[in-house]
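Here's a quick briefing to read with the model open beside you.

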Amino acid sequence: MLYALPIALIATTFGLRAGTVAGLLAVGLTVLWAMTQSVHLAPTGWASRVLPLLLLGVLLGHATDRERRAHEEHRRLEAAALLHREAIEINDSLVQGMAAAKWSFEAGQVETGTRILDRTITDAHDLVSSLIRRADMGARTEPPHDRSTSLHGPIRILDSSDGPAERSWAEADIPQQRDASA
């Protein structure tokens with residue numbers, strides 16, 4: 001029965017497989033002890049020594065594995081909920097702000113549209129900065145973006161002769177899609 005603590009520690013630390021191996025090893029050591037010491041046990045004597053060791057390793061290891069899986073699932077669900085909340089925040093602050101700016105521009109209210117767009121850009125900057133800080137990634141882990149394969153190149157702002165309030169947007173370096181029939 002002195003093998004019970006090591007089996008329990010191994011099963012709790014490493015899970016079902018290790019717990020099962022530890023239980024089998026303990027049974028093997030018990031059989032070795034019985035053979036070297038010429039101990040003769042009845043079937044109930046063997047069962048009272050072997051079954052608790054095996055069951056301890058298997059059941060405790062299984063419970064440990066289940067607890068780990070449940071913990072991982074809980075963490076996955078928390079991450080999904082966080083992403084969902086962030087997507088709602090992005091929709092509320094950015095997409096709706098851009099839509100309101102677009103409607104203002106279409107209605108001829110350039111000053112209102114510009115003010116809404118400026119506020120939306122500020123909100124976008126704050127939101128993305130917050131997400132980056134919360135990610136706490138330290139050094140950059142993904143490869144830098146290759147501009148040569150980008151579908152969208154940089155956008156230039158062209159000032160009109162009427163001043164910065166009458167800016168127009170121009171696309172630059174954007175690969176043109178070829179007509180499939182050509």
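**Overall layout**

Going along the sequence, the pattern is α-α-α-α-β-β. That gives the protein four helices and two strands, where helices (H or I, at least four residues) and strands (E, at least two) are DSSP runs, numbered from the N terminus. This is a predicted model: local features need pLDDT of at least 70, side-chain atom pairs count only at pLDDT 80 or more, and totals for chains, interfaces and linings use all residues. Residues are numbered from 1 along each chain as its sequence is written, and side-chain values use heavy atoms, with hydrogens and water left out.

- Of the protein's 182 residues, 17% count as buried; buried means under 20% relative accessible area, exposed over 50%, and partly exposed in between (1.4 Å probe, protein chains only).
- Take the contacts (heavy atoms within 4.5 Å) with a separation of 6 or more: residues 24 or more positions apart account for 50% of them.

**H2 against H3**

- Two packed helices are described by the angle between their axes and the distance between the axes.
- For H2 (residues 16-36) and H3 (residues 43-106), the angle is about 165 degrees and the axes are 7 Å apart. Axes here are lines fitted to C-alpha atoms, for helices over the stretch in contact, and angles run from 0 to 180 degrees between N-to-C directions.
- H2 and H3 are therefore roughly antiparallel; the cut-offs are under 35 degrees for roughly parallel, over 145 for roughly antiparallel, 65 to 115 for roughly perpendicular, and oblique for the rest.
- On the H2 side, the residues in contact include Gly19, Gly23, Val27 and Trp33, and the H3 residues they meet include Trp46, Leu53, Gly57 and Gly61.
- By type, the residues of this H2–H3 contact split into twelve nonpolar, seven polar and two charged. Ala, Val, Leu, Ile, Met, Phe, Trp, Tyr, Cys and Pro count as nonpolar, Asp, Glu, Lys and Arg as charged, and the others, Gly among them, as polar.

- Gly28 sits in helix H2 and counts as partly exposed, at 38% relative accessibility.
- Between the C-alpha atoms of Gly28 and Val50 there are 9.2 Å, with the two residues 22 apart along the chain.
- Ser38 is in the loop between H2 and H3, and it is exposed, with a relative accessible area of 54%.
- Most residues other than glycine have a negative phi. Ser38 isn't a glycine, yet its phi is positive, about 55 degrees.

**H3 against H4**

- H4 (residues 110-135) has 26 residues and reaches 37 Å from its first C-alpha to its last, close to the 38 Å expected at 1.5 Å a residue; the expected span is 1.5 Å times one less than the number of residues.
- H3 and H4 pack at about 160 degrees, with axes 7 Å apart, and that makes them roughly antiparallel.
- H3 passes H4 in a left-handed crossing.
- The residues of the H3–H4 contact divide into 13 nonpolar, seven polar and four charged.
- Which residues of H4 are buried? They are Gly113, Ile116, Thr120 and Leu127, and they pack against H3.
- Just after H4, Asp136 takes a positive phi of about 45 degrees.

Terms used
A crossing is left-handed if the near helix is turned anticlockwise from the far one by less than a right angle, and right-handed if clockwise.
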